[in-house]
Amino acid sequence: MKTRAAIHVGQNAPQVVDELDLPDPGPNHVTVSLFASGICHSQLHQIHNPNQPTPSVLGHEATGVVTGAGSGVDYVKEGDRVMVTWLTRTPSPGQRPAAVSGWAYRGQPVNFGLGGTATWTESTVVHEQYVVKLPDLVDEQLTSIIGCAVMTGAGAALNTGRVRAGDSVAVFGVGGVGLSCVQACANAGAYPIIVVDLRDDKLAFASQFGATHFVNASIEDPVARIRELTGGVGVDCSFDAIGAPKTLEQFYQVVRTGANGISEPGTAVLIGVPTGPTQFQMGQMWNRRLTGSFGGGGRPERDFPMYVRWFQEGKLPLDKLVSRRYRLEQINDALGDLERGDIAGRSIIVF
Ligand SMILES: [Zn+2]
């Protein structure tokens with residue numbers, strides 16, 4: 001079948017919105033007609049990456065309705081609403097299923113941006129492991145960002161950082177992922193929740209998700225300020241939702257040290273994808289923990305229904321987190337706005 005998609009045709013080139021050919025779903029594949037897809041910072045990295053294969057279709061979080069399912073698929077059927085993500089639904093000890101082959105643009109095979117999911121397209125064909133059921137009557141556009149932003153940010157707090165009531169936390173970077181992390185920390189009862197970013201408007205926005213203290217790293221040193229805010233101790237858990245060389249240098253230094261035999265060390269959790277080499281002071285790691293959170297360290301099938309419930313109960317304001325909507329034809333405007341730092345929270349494409 002044919003579908004319309006945003007197609008990445010070369011490094012730093014604008015996305016081309018055009019028709020492409022989709023294969024029929026194989027035995028373990030599903031075809032999904034999409035309602036909406038998130039626009040994630042990692043797509044900017046892919047667009048700037050000289051090694052990103054072309055042509056490719058980017059995007060890795062969405063919602064939609066199943067319009068076709070292979071003979072081996074029993075988890076969903078035609079007509080079911082789903083969330084699309086880039087982690088597998090059930091634990092997969094080995095490789096995650098690859099991109100479905102048979103996508104073609106002007107006769108050339110189409111690659112995906114990351115792993116086995118592509119969502120900047122009106123319809124997608126993916127391995128059934130990349131969809132999670134979306135309950136009826138839940139907003140079908142706002143929930144499109146659960147598949148990456150919420151999964152990654154909230155999951156880092158719950159699954160990797162294991163934030164508990166009374167924990168002090170710091171979150172570097174308050175885009176869609178960082179704000180999801182902030183909200184999960186707030187839901188867990190953390191205090192204080194210190195956020196670090198470069199713009200006052202973004203910091204102020206974070207207060208709507210439970211942030212309690214605000215550090216503008218363009219005018220003050222976040223390491224010194226966070227130490228000051230925590231009485232010289234540091235935080236129980238620190239998150240880097242950016243992965244830039246500067247935040248990588250800072251985020252582990254604000255974690256409190258443990259005292260031998262008396263208290264456990266604090267934990268620094270890397271969420272963002274590192275974008276370049278960084279200076280790392282190994283001596284700073286005495287009695288501190290450092291860990292990375294891959295996609296929030298959780299399981300979509302177990303965690304997504306909880307995030308949907310949070311949304312329904314008012315504990316995850318996706319209506320605020322999704323701050324701008326674009327049509328597929330506006331994808332290059334959307335990317336420009338994201339690149340300039342003009343997006344609070346997350347923007348989405350609505351099909
Ligand atoms: Zn993402």
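A residue is called buried if 20 or more other C-beta atoms lie within 10 Å of its own, exposed if 12 or fewer do, and partly exposed in between, with C-beta atoms placed from the backbone. Helices (H or I, at least four residues) and strands (E, at least two) are DSSP runs, numbered from the N terminus. The model is predicted, and local features need pLDDT of at least 70, side-chain atom pairs count only at pLDDT 80 or more, and totals for chains, interfaces and linings use all residues. Residues are numbered from 1 along each chain as its sequence is written.

The protein is divided into domain 1 (2-134 + 317-350) and domain 2 (152-296); these bounds come from an automatic or database domain assignment. The centres of the two domains, taken over C-alpha atoms, are separated by 29 Å. Two residues are in contact if their C-beta atoms, placed from the backbone, lie within 7 Å. By this criterion, 12 residues of domain 1 are in contact with 10 residues of domain 2. On the side of domain 1 that touches domain 2, helix H1 (41-48) and helix H8 (318-321) each supply at least two residues. H1 gives the largest share of that side, three residues. By residue class, the side of domain 1 that touches domain 2 consists of five nonpolar, five polar and two charged residues. Here Ala, Val, Leu, Ile, Met, Phe, Trp, Tyr, Cys and Pro count as nonpolar, Asp, Glu, Lys and Arg as charged, and the others, Gly among them, as polar.

Within H1, the buried residues are His 41, Ser 42, Gln 43, Gln 46 and Ile 47. What covers them includes strand E3. E3 (residues 29-39) also pairs with strand E19 in the antiparallel sense over four bridges; two strands pair if DSSP finds at least two bridges between them. In this pairing, Ser 37 stands opposite Ile 349 in E19. Strand E18 (residues 322-326) pairs with E19 as well, in the parallel sense and over four bridges. There, Arg 325 stands opposite Ile 348 in E19. E19 (residues 346-350) is mostly covered, with four of its five residues buried.

The largest nonpolar core has 101 residues. Such a core is a set of buried Ala, Val, Leu, Ile, Met, Phe, Trp, Tyr and Cys residues joined through C-beta atoms within 7 Å. The residues with the most contacts inside the core are Val 169, Val 171, Cys 181, Val 182, Cys 185 and Ile 194. Helix H2 supplies the largest share of this core, nine residues. Domain 1 and domain 2 both give residues to the core, so it lies between them. Leaving out residues up to four places away in sequence, Ile 194 touches Val 169, Ala 170, His 213, Val 215, Ile 226, Leu 229 and Val 235.

Two of these partners, Ile 226 and Leu 229, are buried in helix H5 (residues 222-229), as are Pro 222 and Arg 225. Seen down the axis of H5, the buried residues fall within an arc of 95°, so they line one face of the helix; the arc is that of the directions from the helix axis to the C-beta atoms. An α-helix has 3.6 residues a turn, so residues three or four places apart point the same way. On the other side of H5, Ala 224 and Glu 228 are exposed. The cover over the buried residues of H5 includes E12, E13, strand E14 (213-216) and helix H6 (245-250). Just after H5, Gly 231 takes a positive phi of about 65°.

Positive phi values also occur in residues other than glycine. Phi of Asn 12 is near 65°, and this residue lies in the loop between strand E1 (2-7) and strand E2 (16-21). Asn 12 counts as exposed because it has 8 C-beta neighbours inside 10 Å. Phi of Arg 162 is near 45°, and Arg 162 is found in the loop between helix H2 (146-160) and strand E12 (169-172). With 13 C-beta neighbours inside 10 Å, Arg 162 counts as partly exposed.

A cis peptide bond joins Thr 54 and Pro 55, with omega about -10°. Pro 55 is placed in the loop between H1 and strand E4 (56-57). Tyr 191 and Pro 192 are likewise joined by a cis peptide bond, with omega about -10°. The loop that holds Pro 192 runs between helix H3 (176-188) and strand E13 (193-197).
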